[in-house]
Amino acid sequence: MIGRTVQIRWHEGDDQATGSTGWYVDTVSANSVQVGGSCTVGTNVLTVSSNGPVCEGGTLNLFATYTQGGVTYNWTGPNGFTSSVQNPSIPGATPASSGTYMVTVYSGATPLASNPTDATVIANGAACSDANVCTQSDTCQSGTCVGSNPVVCAASDQCHAVGTCNTSTGVCSNPVKPDGATCDDGNACTAGDTCGGGVCVSGSPVGPPPEVADMTVGGGPTLALTWTGQGASVVYDVTSGTLSSLQSAGFSSVACLANDDTASSYDDTRSIPAADGFYYLVRAQTTCGAGTYGDGSASQSGSRDSEIAASPNACP
Ligand SMILES: [Ca+2]
Ligand SMILES: [Ca+2]
């Protein structure tokens, strides 16, 4: 309408006359108007909450805030609860206090706003949440939610250390052990295995066991051989031949008396041939290889080990 020129037809008195008599027509220019005021929107807000759920025996706290001051509060709730305190508490709460609480705000006798909030009191022994994902079984115990059955963060392998559980996610960390930490690559024939970058790196190769030492042969009806043992994982090959065959054919005639014997001794029950004798050679052996029968004396020609190995009767 603003800025327009209109004609208004009006009638004095009643408007029953439909003829032209008594009617007036005026031209009106609408140059300024009175704009209507906007509606005032209420800005006060009633917020209601509680600290629930709480465990039986604990204190249930109720909270109400209203943006306008100078008001009073009136609470009602389960188990006959009433209160005119703004933020009332229910100490020693029981499950009977579970339910919907309603608060109404008053200005004088005039109610301004009303809102509900739900609260739960969990019975002793019943499941609750201690806000820690790393405790897998939480139950109410005398007013407190107690977590149990914790997540166990075991080391993922020998080159990782025991982790810690993230209380928000329940996921275990997987820390890498420092480089150089001792580990075992599962191979007995490598020694000094160490962690590097979170994996077990094989150490130096382990060679075959050393030459057998301190062998003696006891006299008598049984020829009892003994030597110094080299440990639990070492076995022994005992070979022998006659002195006459040694002289005529060398070690190619050697025979295996005992193969992979765990004892560091051997009883030879054979009878010594007339005008002859036995010689004995013993070597140690492990999964990392066979040791040597010995280098022999300076007068030895050729390799004793390779000569024995060439014998069809040699110990494997
Ligand atoms: Ca190893
Ligand atoms: Ca053997």
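A residue is called buried when its relative accessible area is under 20%, exposed when that area is over 50%, and partly exposed in between (1.4 Å probe, protein chains only). With 15% relative accessibility, Thr 190 therefore counts as buried. The structure is a predicted model, in which local features need pLDDT of at least 70 and side-chain atom pairs count only at pLDDT 80 or more, while totals for chains, interfaces and linings use all residues. Residues are numbered from 1 along each chain as its sequence is written, chains are lettered from A and ligands numbered from 1 in the order in which they are written, and side-chain values use heavy atoms, with hydrogens and water left out.

Asp 185 has 23% relative accessibility and so counts as partly exposed.

Next come the disulfides, each defined as a pair of cysteine sulfur atoms within 2.5 Å. By this rule there are 8 disulfides. In one of them, the sulfur atoms of Cys 55 and Cys 140 are 2.0 Å apart. The torsion about this S-S bond is about -75 degrees, so the link is left-handed. It joins distant parts of the chain, 85 residues apart, with Cys 55 in strand S4 (residues 54-55) and Cys 140 in strand S12 (residues 135-141). Strands (E, at least two residues) and helices (H or I, at least four) are DSSP runs, numbered from the N terminus. Both Cys 55 and Cys 140 are buried.

The disulfide of Cys 256 and Cys 315 has its sulfur atoms 1.9 Å apart, and with 95 degrees about the S-S bond this link is right-handed. Cys 256 lies in strand S21 and Cys 315 in the segment after helix H2 (304-309), so the pair ties together parts that are 59 residues apart in sequence. Cys 256 is partly exposed, at 27% relative accessible area, whereas Cys 315 is buried, at 7%.

Strand S21 also belongs to an open sheet of 4 strands, in the order S21-S20-S23-S24, with antiparallel pairing. Strands S21 (255-261) and S24 (289-290) stand at the edges with a single partner strand each, so one side of each is left without a neighbour in the sheet. Two strands count as paired if DSSP finds at least two bridges between them. Strand S23 (residues 278-286) is joined to S24 by 2 bridges, and Thr 286 stands opposite Gly 289 in S24.

Finally, Ser 50 is found in strand S3 (residues 46-50). A polar atom of the Ser 50 side chain lies 3.1 Å from the backbone nitrogen of Gly 52. Leaving aside residues up to four places away in sequence, Ser 50 touches Leu 60, Asn 61, Leu 62, Phe 63, Thr 117, Asp 118 and Ala 119, where contact means heavy atoms within 4.5 Å.

Note on methods. A polar contact is a pair of N or O atoms within 3.5 Å; within protein, one must be able to donate a hydrogen and the other to accept it, and residues adjacent in sequence count only if both atoms are side-chain atoms.
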